Amino acid sequence: MIVLGAAVRPDGTASVAMRRRVSHAVAFAHETVAAVLVLSGGYGKRHPPGAMSEARLMAALVARESVPSDIPLLMEERSSDTLGNAWHSLALLEGHAVARVIVVTDRPHLTRALWCFRWAARRRGLAVVIEGAGVPIPDRRVALAAGVREALALVVYAPRLWRAGNSRGVERRP
């Protein structure tokens, strides 16, 4: 299971979205057989100076919620966007016998996240099933705003993934 990071608040603490995603992933880990839990997120464009990475903040949240002790916890701290989450998180899983990946993120973000993870899995030659767990956003206005943002992001990401998928020669990293 891979939990995607979210914005860090200006005071360096986890945003509501980050807390929501981690809480959902922990509950999901109790209900399913999770071989590995990856917390994915480095330093986004508006990351507060001096704040911990998104992955480290999520690890602190996971520590407060009782994740089964037999689930290894990996942190991916290199990414700064969704495509980076996919590329670097799947790199961490290459040494593990993983046949199925569940990406945990907010429901409006799920389509773009799945596009990125499926693209990265193909580029890395991984034979894994990529599925998603969309976390509902309870505030309707926030959910609507996120939906609009994601619709615009899909317009940006579609050509980006197409260009990256059709490049020749050296493999480009996101």
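Leu154 is partly exposed, because its relative accessible area is 22%, where buried means under 20% relative accessible area, exposed means over 50%, and partly exposed lies in between (1.4 Å probe, protein chains only). The structure is a predicted model, in which local features need pLDDT of at least 70 and side-chain atom pairs count only at pLDDT 80 or more, whereas totals for chains, interfaces and linings use all residues. Residues are numbered from 1 along each chain as its sequence is written, and side-chain values use heavy atoms, with hydrogens and water left out.

Leu154 lies in helix 5, which covers residues 140-165; helices (H or I, at least four residues) and strands (E, at least two) are DSSP runs numbered from the N terminus. When its neighbours within four places in sequence are left aside, Leu154 is in contact with Thr111, Arg112 and Trp115, contact being defined as heavy atoms within 4.5 Å. Between the C-alpha atoms of Leu154 and Gly41, which are 113 residues apart along the chain, the separation is 20 Å.

Taken as a whole, the protein chain contains five helices and five strands, and these elements follow the pattern β-α-β-α-β-α-β-α-β-α when read along the sequence. The radius of gyration of the protein chain is 15 Å, which agrees with the value near 16 Å that a compact globule of 174 residues would have; this radius is taken over C-alpha atoms, and the globule rule is 2.2 Å times the number of residues to the power 0.38. Along the principal axes, the C-alpha atoms fill a box of roughly 45 × 35 × 30 Å. Of the 174 residues, 45% count as buried, and among contacts between residues at least 6 apart in sequence, 76% join residues at least 24 apart. The accessible surface comes to about 9400 Å², of which carbon and sulfur atoms contribute 56%.

Helix 3 (residues 82-93) has 12 residues and reaches 17 Å from its first C-alpha to its last, close to the 16 Å expected at 1.5 Å a residue, the expected span being 1.5 Å times one less than the number of residues in the helix. This helix is mostly covered, with 10 of its 12 residues buried, among them Trp87, His88 and Leu93. Helix 4 (residues 110-124), with 15 residues, reaches 21 Å between its first and last C-alpha atoms, close to the 21 Å expected. The buried residues of helix 4 are Leu110, Arg112, Ala113, Leu114, Cys116, Phe117, Trp119, Ala120 and Ala121; of these, Arg112 is also in contact with Leu154.

Helix 4 is followed by Gly125, whose phi is positive, near 75 degrees, and which is found in the loop between helix 4 and strand 5. Gly125 counts as exposed because its relative accessibility is 61%, and its C-alpha atom is separated by 9.9 Å from that of Glu94, 31 residues away along the chain. Pro136 is found in the loop between strand 5 (129-135) and helix 5 and is partly exposed, with a relative accessible area of 39%. Not counting residues up to four places away in sequence, Pro136 touches Arg20 and Arg107, while the C-alpha atoms of Pro136 and Arg21, 115 residues apart along the chain, are separated by 9.3 Å.

Conventions
Areas by Shrake-Rupley, 256 points an atom, 1.4 Å probe, with all protein chains shown as cover.
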